[in-house]
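Dear colleague,

Please find below the structure that I am handing over to you. My notes on it follow directly after.

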Amino acid sequence: MSDQGWISLYRKIQNSFVWTNSDQLKLWLLILMKANHSENKFLFNGEEISVTSGQMVTGAHILASEFNEGVPRDKAVTWRTLWRWVKKFENAEMLTIKSTTKYSVITVNNWGEYQEHDKPVTKQRQATDNPVTTNNNDNNEDKEPSVNYAGLISYLNEKSGRAFHNTEANRKLIKARLNDGFTKKDFQRVIAYKSAEWKDNADMSKYLRPNTLFASTHFDDYLNEANTYIASQGKTKTTSDGQRQGKTEEEIVAERKKHAEEIARRAEERLNNEHGD
């Protein structure tokens with residue numbers, strides 16, 4: 001992609017969720033500027049790749065390097081966070097992603113509709129068609145997708161046995177994590193995992209609450225714990241390593257129970273330190 005030229009923006013971008021987050025807006029503009037304006041072939045990691053207009057080839061680390069160029073280290077955004085935002089753009093149908101083990105191809109949706117204009121915008125057209133101007137490309141013109149806050153709170157109540165309400169404070173916690181790039185599925189995983197881990201523990205069950213589970217200092221850690229657990233369960237179900245080592249089913253179950261108790265102990269220790277209990 002050439003660094004020369006221009007891109008179009010559409011004024012309705014001001015109604016999009018990216019408008020409220022300067023870093024997400026910067027990432028969206030970077031994607032628009034890096035996308036090819038015509039069919040192209042080039043080498044990427046030693047492989048010849050063909051792209052069409054509106055597409056770019058990148059990787060999470062390369063995208064982070066471009067995004068953070070010139071940014072002080074303490075202000076840089078991690079590649080994990082940036083890629084969550086890219087996935088959020090995909091969930092909002094702003095773009096699509098096709099990934100291989102070597103690279104990802106990002107395709108900006110509706111590129112041809114907004115970017116490929118052969119004729120300049122005239123004064124007459126601007127006067128009669130108010131949204132059209134030099135910023136007439138808005139691939140995220142839909143307003144921020146509605147969030148089923150009540151549904152997530154209800155799911156938390158179902159799994160935890162508590163009775164939280166759909167309050168403004170709880171909605172703010174959920175919205176903040178969604179703005180960080182997390183998804184509804186991430187919330188459900190954290191809720192289900194921590195509820196299973198803490199619900200029957202008298203000391204830990206009190207922490208099954210939105211301001212603990214959905215806090216910025218906890219949520220990513222809890223999600224990683226849940227994903228690690230799910231991955232380990234998948235491996236357990238598809239292998240018979242325990243049997244190959246001569247262990248009985250009872251021994252395998254006992255080891256799993258011991259492992260779960262250790263996880264709960266560490267979680268309790270960490271939370272007690274954090275909350276001063």
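F187 is buried, and F214 is buried as well; the word means under 20% relative accessible area, while exposed means over 50% and partly exposed lies in between, with a 1.4 Å probe and protein chains only. This is a predicted model, in which local features need pLDDT of at least 70 and side-chain atom pairs count only at pLDDT 80 or more, whereas totals for chains, interfaces and linings use all residues. Residues are numbered from 1 along each chain as its sequence is written, and side-chain values use heavy atoms, with hydrogens and water left out.

The rings of F187 and F219 form a tilted aromatic pair, at 4.8 Å centre to centre and with 45 degrees between the planes. Rings of Phe, Tyr and Trp (its six-membered ring) pair if their centres lie within 6.5 Å; planes under 30 degrees apart count as stacked, over 60 as edge-to-face and the rest as tilted. This pair links distant parts of the chain, since F187 belongs to helix α8 and F219 to helix α10, 32 residues apart. Both F187 and F219 are buried.

A search of the whole structure gives 9 aromatic pairs. One of them, between F187 and F214, is edge-to-face, with 5.1 Å from centre to centre and 75 degrees between the planes. F187 lies in helix α8 (residues 184–198) and F214 in the loop between α9 (210–213) and α10 (219–238), so this pair ties together parts 27 residues apart in sequence. Ring pairs join F182, F187, F214 and F219 into a cluster.

F182 also has a charge over its ring: the charged end of R84 sits there, 4.1 Å from the ring centre. The criterion is that NZ of Lys or CZ of Arg is within 6 Å of the ring centre and within 35 degrees of the ring normal. Likewise, the charged end of K26 sits over the ring of F67, 4.4 Å from its centre.

Turning to the strands, an open sheet of 3 strands runs in the order β3-β5-β4 with antiparallel pairing. β3 (55–58) and β4 (95–99) stand at the edges with a single partner strand each, so one side of each has no neighbour in the sheet. Helices (H or I, at least four residues) and strands (E, at least two) are DSSP runs, numbered from the N terminus, and two strands pair if DSSP finds at least two bridges between them. β3 and β5 (residues 104–108) pair over 4 bridges in the antiparallel sense. The bridge partner of M56 is I106, in β5.

Yours sincerely
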